[in-house]
Amino acid sequence: MSKGRNIEAQKAEVLQGTLDLMVLKVLDALGPRHGYGIARRIEQVSDQVLQLNEGTVYTSLLRLQQRGWITSEWGTSENNRKAKYYSITKSGRKQLAGETENWERIAGVIGRLLRLEGQE
Amino acid sequence: MIHYLRALAARIRGFFGDRRADQELDDEIETHLRLLMERYVRQGMTEDEASQAACRQFGNATLLKEAHRDMRGIRFIETLIQDVRYGLRMMLKHKVFTAVAALSLALGIGANTAIFSLLDALLLKTLPVKNPEQLVFVGGLEYQYPPQLDRALRNIPIPDPVYREMSEKNKVFSGIFTYNWVEATVNDGSLAERVSGQLVSGNFFTVMGVGAHLGRIFTDDDDRTPGAHFVTVISYDYWRSRFGADPNIVGKKISINTRPFTIIGVSAQGFNDVDVGAAPALRVPMMMKDLMHDPRNDTPVMARLKPGISIEQAQVAADALFQSIIREYGASSLSNRYSNASRIELSPAGRGVSASELRDRYLQPLLFLLCLVGMVLLIACLNIANLLLARAAARRKEIAVRLAVGAGRLRLIRQLLTESFLLSTLGGALGLVFARIGTDLLLGLLPLTREIKLDMRMLGITLVVTVLTGVLFGLAPALQATRFDLIPALKNDAAGMRGGRRKWELRRLLVVLQVALSLVFLVCGGLFVRSLQNLKAVDLGYTSDQIVSMSLALGTSGYTTDQQRSFYQQLSERLTALPGVKSATYAKSMPLEPKPYGKEEGEIEVPGSHSPPNEKLTTLMHPITPQFFATFGIPLLRGRDFNWQDSVGRIYKVVIVNDRFARYFFGNENPLGKRISVAGFEFEIVGVVGDARLNSLKETMSRTVYYPAFTALLANQRLCVRAMGDAGALIAAIRNEVRRLDPNVPVYDIKTFADQIDESISRERLIALLSSFFGLFALLLAGLGLYGVMAYAVARRTREIGIRMALGAQAGNVLWLALRETLLLVSIGVAIGLPAALAVTRLTRGMLFGLTENDPLTIGLATLVMMAIAAMAGYLPARRAAQVDPMMVLRQE
């Protein structure tokens with residue numbers, strides 16, 4: 001148990017608002033996925049660094065859906081269960097492009113800022 | 001923005017598809033957990049461990065569901081329901097507050113809507129026809145003798161030959177038509193009844209622009225040959241009320257004045273008449289006028305202007321045409337009335353005409369009432385504002401507690417706004433009911449034959465005004481209340497509210513205004529009530545009790561004039577023989593009934609008596625039938641009553657004069673047997689009777705001459721019967737006697753004379769009733785407002801009062817301290833209210849009887865009543881202040 005908690009402590013919290021971006025990107029890159037699939041993909045890419053309550057993926061999915069950036073339809077999952085498959089829409093792709101650019105710009109600025117401090 | 005709208009749309013969808021969305025989310029979570037579990041089991045965990053790990057990895061599912069519901073918008077609705085529920089609970093808890101607020105709102109909304117609807121129907125509404133602005137009334141203009149007075153008689157009907165010439169030769173009208181009102185006896189085989197009808201030229205409907213609801217309307221071909229067109233178009237309302245909206249009505253035959261007519265159509269819904277007060281049940285072609293017993297050879301004429309022609313242009317052209325027609329015919333061949341007519345006058349008729357003077361009679365009272373109810377609305381709004389401010393002050397602590405336990409400011413404001421809205425809605429709903437009742441009430445008090453629909457625009461406007469007041473004053477305290485420091489408010493400290501002083505001033509201002517407006521109301525109400533009392537106290541000179549009257553339509557039942565006289569005579573004899581009947585007589589119009597052509601007056605010459613220079617002596621003239629004086633209880637002082645022989649032929653022989661007449665001309669001499677000349681005819685005086693006011697309650701007793709109604713006047717008389725006991729009990733017996741004489745004579749419009757006298761002062765009673773009611777209501781509201789403000793002021797100053805008393809102030813001093821404020825407010829209110837009242841009462845000039853509009857007694861009394869109520873409203877809190885126990889107050893510190 002104590003070992004588990006240690007691992008948890010090392011994980012970084014997911015930044016507010018970045019989850020939406022990740023979900024969009026996953027759907028853009030991999031095509032239609034259900035919530036579980038998206039969670040697995042994020043886990044895989046992040047190399048278990050990000051701490052994610054997988055339930056929050058669904059909040060993100062609902063938010064994206066309400067904005068019209070993704071759509072959903074029912075299908076069957078790997079274990080033959082009813083599952084909702086989400087896919088990115090045209091306006092979702094546009095949004096993703098914009099957000100990605102934005103993110104990279106900010107990340108660049110923050111990176112430069114941090115390096116600057118390191119030099120002092 | 002787009003995103004926001006999308007989210008809103010999703011929220012709305014979310015609310016309605018909520019169950020399904022919940023279920024779907026459950027399914028998704030379930031699938032997710034299963035998949036996680038299976039993975040952990042594959043990695044070698046036991047089922048239990050896997051399930052636990054899956055749950056941990058997923059996070060709090062309940063919280064997730066709640067967040068989703070929130071996002072889908074369900075919370076928004078839930079909060080609203082919560083607010084409404086809480087608001088309703090608050091309303092129920094403060095019943096008096098709710099009742100006073102909602103009632104004043106309802107009165108404001110209802111009264112304004114009702115009176116405006118009526119005013120609109122009478123004055124403002126255009127006729128429901130195409131292009132009503134093109135319609136003009138074509139009237140003759142005659143200068144009355146003596147010409148130097150220059151008083152013009154307007155809107156005289158046009159003689160038929162002139163109408164015909166004009167309709168052929170004019171170039172400015174696209175159509176010109178004529179019409180005339182008649183009464184007709186309708187019999188559909190089962191029931192005979194009297195209805196109001198109209199004779200119209202064949203193009204009436206087409207020029208007017210009114211279509212048919214069923215069947216067809218008249219064409220020119222329906223109006224060609226005198227006495228040959230047995231067709232009728234009935235009105236929509238008559239079709240519904242009499243024929244139960246029978247879809248197969250077209251082609252059906254009914255009997256009109258005992259002749260069979262075919263119903264060829266039902267006129268369009270919504271169109272009543274060109275006259276604002278009338279609603280003819282059926283229309284027949286003008287060529288049938290003989291059958292309708294319409295002896296007139298001149299009729300009202302209306303026309304439609306050609307497009308692009310102004311009324312001034314048309315006026316010039318029509319008048320020129322009229323002059324040439326007059327020259328061509330020679331004035332002598334036209335009807336007498338027209339010989340002096342100098343010109344044609346066109347007046348706009350798009351809003352209809354008012355033949356019965358309904359507009360003139362009720363314009364001033366209705367405008368005045370609208371002015372009053374406008375003030376009622378103002379008072380209602382002031383009152384609501386005051387109440388809401390007071391309540392916000394009272395709820396300071398509650399709001400502080402809610403803020404302290406973490407309620408959001410927006411949430412609180414929303415809560416308070418919801419309450420204001422609820423109150424306004426309640427007031428509005430009640431107002432709608434009040435408006436409905438008010439309109440019916442007004443209609444019952446006015447001589448109108450048509451229905452009035454509620455004016456939705458006015459209802460909307462008043463609703464918006466009141467709701468806005470509610471929101472505005474609900475919002476102000478809400479904003480203020482959520483801005484103050486929590487700690488002092490929780491500690492129940494009076495100084496805790498920032499901005500409290502300013503609001504306090506606002507409330508005082510509101511109360512002062514309320515006092516001022518109430519005073520205006522009290523003065524108006526007082527004036528009208530006293531005026532009504534004066535009217536009721538008028539000595540008529542005759543009795544109003546135990547008399548019942550009814551109309552008999554002999555003229556339209558096929559009687560010749562000689563037959564009519566003998567019918568009346570026989571009926572009189574039979575009725576007088578009935579047990580319980582004292583006497584019976586006939587009258588063209590009842591005493592006090594408005595006369596369509598004004599009162600009859602004639603110049604008088606009495607041999608031996610000299611009229612004063614520069615003045616022609618005149619006398620009122622009344623045509624009557626035998627037994628008139630006995631029936632109405634006017635004492636016969638000397639000589640004899642008329643008998644039926646007196647009214648044989650057209651030559652006047654005898655008259656009866658009233659006491660005033662006899663004294664003026666003959667002093668103490670015996671006037672019997674004297675010969676006089678009235679309006680150019682020679683008479684012998686055969687009797688003297690007591691003075692009586694027959695034309696109006698307001699007239700002064702004047703010289704009066706009674707002459708026997710000659711035969712031409714006998715058609716369509718009202719039968720008046722004086723009973724020994726209850727007149728109502730005789731009605732069945734009277735009907736029975738009429739039926740035994742001739743079953744085809746309709747008996748209708750049965751009234752007791754007392755009711756009719758009441759009717760004659762309906763206008764005055766209506767205004768007295770409404771203005772005194774509103775006055776009392778305003779007084780009550782002002783009293784409540786004053787009380788609220790003073791109670792609050794005393795509560796705030798309790799500590800100060802306690803200290804003063806501890807330092808030796810007497811109860812009397814404290815009482816005065818508290819009362820002083822009240823008296824100051826009231827004095828300011830009265831100082832504003834008195835000039836305002838004087839300004840408003842100037843509008844009542846001509847509507848009062850027996851007192852002037854600035855009657856000092858009424859104004860003094862109203863001020864006194866206002867002061868007394870204010871003193872009472874101020875005294876109660878003041879006494880509470882005087883009873884403060886200084887020890888208690890000081891210990892509370």
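# Salt bridges and the A–B interface

Q: What is the relative accessible area of Asp28(A)?
A: Asp28(A) has a relative accessible area of 26%, which makes this residue partly exposed. Buried means under 20%, exposed over 50%, and partly exposed in between (1.4 Å probe, protein chains only). The model is predicted, so local features need pLDDT of at least 70 and side-chain atom pairs pLDDT 80 or more, whereas totals for chains, interfaces and linings use all residues. Residues are numbered from 1 along each chain as its sequence is written, chains are lettered from A and ligands numbered from 1 in the order in which they are written, and side-chain values use heavy atoms, without hydrogens and water.

Q: Which side chain does Asp28(A) meet in a salt bridge?
A: That of Lys25(A), at 3.8 Å from N to O. A salt bridge here is a side-chain nitrogen of Lys or Arg within 4 Å of a carboxyl oxygen of Asp or Glu. Both residues belong to helix H2 (residues 18-30) of chain A and are three residues apart, about one turn of the helix. Helices (H or I, at least four residues) and strands (E, at least two) are DSSP runs, numbered from the N terminus. Lys25(A) is partly exposed at 44%.

Q: And in chain B, what does Asp691(B) pair with?
A: Asp691(B) forms a salt bridge with Arg660(B), with the closest N and O atoms 3.8 Å apart. Asp691(B) is in the loop between strand E21 (681-689) and strand E22 (704-708), and Arg660(B) is in helix H19 (residues 659-666), so the pair ties together parts 31 residues apart in sequence.

Q: Changing topic: how much area do chain A and chain B bury between them?
A: About 2300 Å², of which 55% is on carbon and sulfur atoms. Tyr36(A), Tyr58(A) and Gln66(A) supply 29% of the area that chain A buries against chain B, more than any other three residues. Buried area is the accessible area (1.4 Å probe) that two parts lose on being put together, summed over both.

Q: How many salt bridges cross that interface?
A: The rule finds two. Lys84(A) forms a salt bridge with Glu24(B), where the closest N and O atoms are 2.9 Å apart.

Q: Which elements of chain A give two or more residues to the side that touches chain B?
A: They are helix H3 (35-45), helix H4 (55-66) and strand E5 (82-88). H4(A) gives the most, with six residues.
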